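Work through the exercises below with the sequence and the 3D view open beside you, and try each task before you read its solution.

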Amino acid sequence: MELKIFTKENRSKFIEDNKVFISSTAEYFCNRPLDWLKDDELNIALISFNRACESQSEIYTNFLGFAATLIKSTLIQYYIKLEEPKTFTFFIDNKPYEEYLETLTDFEMYFENKARAIEIALLSDELGKHRISFKNLINIKFEGNGLKNDLLNLALSILKNDELTEKTLSSKRLLLNKNFYLENLSSLAHLEWEILKKYRKYIIMLLLVFSKDEYMYFKAYLNIRVGDSNV
Amino acid sequence: MFKTGVVVESDKESTYIVTCDSEFYNLVTKDRKTPQIGEIYTGEIYTPGKYFYKLIFFAMGISLITFMIFNILSNNTPVYSVVIDINSSIQFKVDKFNKILKVQPLNNRGADLVKDLELDDKTLDIALTMLLEKAEKLKYLEEFHLKKDTSVGVYMTNHKNALPSLTSFKNKAKQLKITVQINDNGK
């Protein structure tokens, strides 16, 4: 896509022309059809698209890819803060993302890789503060997606509560403390304390990724969608 | 099994990725070309056992090749020399299995004696027997028949193994009524 300098008028037209893209991106993430008149998700997606237009002169990658990344990242933050509990699921197949990758030029691919590399370096530093390395995470194995989704939903539930998030992340060994689990997490987790203890590093990784806006490209790569995989 | 994901760490041996369903894997780095952090990478999952067995097979292969090379070299290395004196002198270089590696006539009569004889790879016993037969044909042994106190000399040097039997050679000498004197390292 060519670089455009938007005026008020042509931006409105550009957004109008891309409403189908905005709704399809939001619907894919939300895993259900959305209605412009009823669903807040579409308005949030529209605001994100507008923000992408504002920062277009600063981005070097494929515009629609950037806009989709921003929409998804904003919707995740929206759901985290939403009172009403939602279930999230990791999906293995990510056809829209694979199709999107095929449309990228080498130049756009280079800048996307670079953006992800910067985020990964940041994440590696953050994990290091909790004495976690990527090699530790490789040793964590899941049989099926059930437990992994439970841990994702636990992490996103913790993130709804700023105090709990801070407490969990501030102490390096807090998740190993059974009293802390019983007092704070048992109602959120629906998981045994031993499971939490075993997967502590993975939970910390998820908390770090989803608690910060810095990991936009990383979050966009993870194929998380709202609802169950069979919806 | 192959996996695709974003590279989070890499070196020439292993590439660590995170997949889109948030699982971390250790993949084999293809052609030892380290991929860039952040790029999307597809590769085969690294399985330690598989590479351990590969390493074992590789080590066994190397040992086998080394053993074979050593064996070939040692089979072709002379371990001792034998000189036979039947009015003509011929030197043999012999390997550890008592097989002839090299035949070296030490004078013109010796050259005539070994001419047309295929002695390479024959055992020392057979080679000496063949020489005795040829010497008989060329009438080199006449003076040994005439002079009772003259004997065919066989001199071995640098001989560390047990003395080869030379049964066939001794029998042939007996048949030809020749006295044989065997000298092993000066004894």
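**Exercise 1: Strand pairing in chain B**

In β4(B), the bridge partner of B:G5 is B:Y41. The model is predicted, and local features need pLDDT of at least 70, side-chain atom pairs count only at pLDDT 80 or more, while totals for chains, interfaces and linings use all residues. Residues are numbered from 1 along each chain as its sequence is written, and chains are lettered from A and ligands numbered from 1 in the order in which they are written.

Task: find which strands pair with strand β1 (residues 2-10) of chain B.

Solution. Begin with the terms: strands (E, at least two residues) and helices (H or I, at least four) are DSSP runs, numbered from the N terminus, and two strands pair if DSSP finds at least two bridges between them. Strand β4 (residues 40-44) of chain B runs antiparallel to β1(B) and is joined to it by five bridges. Next, strand β2 (residues 14-18) of chain B pairs with β1(B), also in the antiparallel sense, over four bridges, and here B:V6 stands opposite B:V18. Finally, three residues lie between β1(B) and β2(B), which form a hairpin.

**Exercise 2: Where the chains touch**

Task: how many residues of each chain are in contact with the other chain?

Solution. Counting residues as in contact if their C-beta atoms, placed from the backbone, lie within 7 Å, 22 residues of chain A touch 16 residues of chain B. On the chain A side, α6(A) gives the most, with five residues.

Notes. Contact = placed C-beta atoms within 7 Å.
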